[in-house]
Amino acid sequence: MREEMYSVEQVADLLGLHVRTVRGYIRSGRLRATRIGKQYRIARADLDALTGHPPTPPARSTSVEVSSIVQVDGVDRATADRLGTFVLAGANNGYDLAHPLRVQTVHDEERNRMKIVILGGTAATADLLRMIDAVLDADGGLLGRQDGEADDA
């Protein structure tokens, strides 16, 4: 089985760093790399060690993906924007870097209706759906209050 290898440029893009910064990490020993000719290659395990992520488990031959559509009625544009931002932030939590959640939101202004489409692994999707349920709770959630109302706590 071959290990996944990255170039310095790919690591810089993945981490949002400048290429010179990644090369500095390699020279200082902070990031392990293998020199091939004039170029460095970084193994996935070494990248995980730098970022503090657990090692990526070996790829499985079977995978499960869930598609979910959440429809929320009675949502104005401002609330839809806030909910969309919340959902996208929840989806980008780094739960499973190999299979990230894909989320799309659509707001129908005529019907005051929002649809949230979620594609991804079962556990990450379930967690995101629980977060959506909590934020939409009619008593204290996003739709339970009007703009400007404060928490009673």
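**Entry 1: order of elements**

I read the protein chain from the N terminus, and its elements run β-α-α-β-β-α-β-α-β-β-α. I counted five helices and six strands. Helices (H or I, at least four residues) and strands (E, at least two) are DSSP runs, numbered from the N terminus. I noted that this is a predicted model, where local features need pLDDT of at least 70, side-chain atom pairs count only at pLDDT 80 or more, and totals for chains, interfaces and linings use all residues. Residues are numbered from 1 along each chain as its sequence is written, and side-chain values use heavy atoms, with hydrogens and water left out.

**Entry 2: the chain as a whole**

I looked up burial next. Of the 153 residues in the protein chain, 27% are buried. Buried means under 20% relative accessible area, exposed means over 50%, and partly exposed lies in between (1.4 Å probe, protein chains only). Then I checked contacts, meaning heavy atoms within 4.5 Å. I took those between residues at least 6 apart in sequence, and 58% of them join residues at least 24 apart.

**Entry 3: the sheet S1-S3-S2**

I found an open sheet of three strands in the order S1-S3-S2, with antiparallel pairing. Two strands pair if DSSP finds at least two bridges between them. S1 and strand S2 (34–36) are the edge strands, and each pairs on one side only. On average, neighbouring strands here are turned by 40° against each other, direction ignored. I followed S1 to S3: three bridges join them, and the two run antiparallel. Met5 has Ala43 in S3 as its bridge partner.

Two helices belong in this entry. H1 lies across S1 and S3, at about 90° to S1. H3 packs on the sheet and touches S1 and S3, and its direction makes about 75° with that of S3. For such angles, axes are lines fitted to C-alpha atoms, for helices over the stretch in contact, and the angles run from 0 to 180 degrees between N-to-C directions.

**Entry 4: H1 against H2**

Two packed helices are described by the angle between their axes and the distance between the axes. I looked up both values. The axes of helix H1 (residues 8–15) and helix H2 (residues 19–28) come within 8 Å and cross at roughly 110°. That makes H1 roughly perpendicular to H2. The cut-offs are under 35 degrees for roughly parallel, over 145 for roughly antiparallel, 65 to 115 for roughly perpendicular, and oblique for the rest.

H1 passes H2 in a right-handed crossing. A crossing is right-handed if the near helix is turned clockwise from the far one by less than a right angle, and left-handed if anticlockwise. Which residues in H1 meet H2? I listed Val8, Glu9, Val11 and Ala12 in H1, which meet Val19, Val22, Arg23 and Ile26 in H2. By class, this contact of H1 with H2 has six nonpolar, no polar and two charged residues. Ala, Val, Leu, Ile, Met, Phe, Trp, Tyr, Cys and Pro count as nonpolar, Asp, Glu, Lys and Arg as charged, and the others, Gly among them, as polar.

**Entry 5: H1 against H3**

I repeated the check for H3. The axes of H1 and H3 come within 12 Å and cross at roughly 35°. Their crossing is right-handed. Val11, Leu14 and Leu15 in H1 meet Leu47, Leu50 and Thr51 in H3. By class, the contact of H1 with H3 has five nonpolar, one polar and no charged residues. Val11 turns up in both lists, meeting H2 and H3.

Which residues of helix H3 (residues 44–51) are buried? They are Arg44, Asp46, Leu47 and Asp48. I saw that the buried residues of H3 pack against strand S1 (5–7), H1 and strand S3 (39–43). Just after H3, Gly52 takes a positive phi of about 85°.

**Entry 6: the sheet S4-S6-S5**

I found another open sheet, with three strands in the order S4-S6-S5 and antiparallel pairing. Its edge strands are strand S4 (66–73) and strand S5 (102–108), each pairing on one side only. The twist averages 15° from one strand to the next. S5 and strand S6 (residues 113–120) run antiparallel, joined by seven bridges. Thr105 stands opposite Ile116 in S6.

Helix H4 (residues 77–91) lies across S4, S5 and S6, at about 175° to S5. Helix H5 (residues 122–135) also lies across S4, S5 and S6, at about 155° to S6.

**Entry 7: Asn112**

Where is Asn112? I placed Asn112 in the loop between S5 and S6. Asn112 has a positive phi of about 50° although it is not a glycine. Asn112 counts as partly exposed because its relative accessibility is 35%.
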